[in-house]
Amino acid sequence: MKIKICGITNVEDALAATQAGADFLGFIFYARSARCVTVEQAQAIMARVRRQYGPQMPDGVGVFVDAPAAEVRSTLYTAGLGYAQLHGDESSAQVSAQRGRAYKALRPRTVEEALEEAEHYAAMGPAQGPRLLLDAYHPAEYGGTGRRGDWRLATAVAQRTPGMLLAGGLTPQNVFAAINAVHPWGVDVSSGVEKGPGKKDHAKLRAFVQAALAVT
């Protein structure tokens, strides 16, 4: 089970997530998010984790909302991140423009919509990394709402989509049940392990990872 801790804003949280066993650290480059960081901040955090953990460190993921393709590529390179999570209304051309380093986040309202979008976007995702993220639907927000996703809908997508990350309202208390219900490739959490926007609760973080890895 792959685990992504998103909304990283500081070195302490990045190190705690790494020590707990996270596979991916997510950095948000969207000005309207309470967890937004600059390219320089992400670069410094990744450099600090790299110095301590070397090749055992998690991979970095940049989260973008309708950013120009050139800006996404530049941010990944400068900050030393492996993947881009496109969390806005990006087209398939914008995903393809990242040459196998980007995957699309979806917020579908129905099973039919979810399956159609997943089939369209999943093939464009990284061959070895996350290929799609399924988040809870919200009419006005692009993520980080804490809303629980529709697990029935997510299960339908996971059955047909290798590399699917499940997001949306996951917590240390429900992630075990979510994984057993959906059987995703991985899980993504942000607000569910926080004590405040952009500040992780390290005890919750460790509990989340332990619960996710307890699923057999």
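This is a predicted model: local features need pLDDT of at least 70, side-chain atom pairs count only at pLDDT 80 or more; totals for chains, interfaces and linings use all residues.
Local features need pLDDT of at least 70 and side-chain atom pairs count only at pLDDT 80 or more, while totals for chains, interfaces and linings use all residues. Residues are numbered from 1 along each chain as its sequence is written, and side-chain values use heavy atoms, with hydrogens and water left out.

Q: How are the axes of helix H1 and helix H2 placed, oblique or roughly parallel?
A: Helices are DSSP runs of H or I with at least four residues, numbered from the N terminus. The axes, lines fitted to C-alpha atoms over the stretch in contact, with angles from 0 to 180 degrees between N-to-C directions, come within 9 Å and cross at roughly 40° for H1 (residues 11–20) and H2 (residues 39–53). Angles under 35 degrees count as roughly parallel, over 145 as roughly antiparallel, 65 to 115 as roughly perpendicular and the rest as oblique. That makes the placement of H1 to H2 oblique.

Q: Which residues of H2 make the contact with H1?
A: Contact means heavy atoms within 4.5 Å. On the H1 side the contact is made by Val11, Ala14, Leu15, Thr18 and Gln19. The H2 side consists of Ile45, Arg48, Val49, Gln52 and Tyr53.

Q: How are H5 and H6 oriented to each other, roughly parallel or oblique?
A: H5 and helix H6 (residues 151–160) pack with axes 9 Å apart, at an angle of about 30°. Therefore the orientation of H5 and H6 is roughly parallel.

Q: Which residues in H6 meet H5?
A: H5 contributes Val111, Ala114, Leu115 and Ala118. Their partners in H6 are Arg152, Leu153, Ala156, Val157 and Arg160.

How values were computed:
Helices (H or I, at least four residues) and strands (E, at least two) are DSSP runs, numbered from the N terminus.
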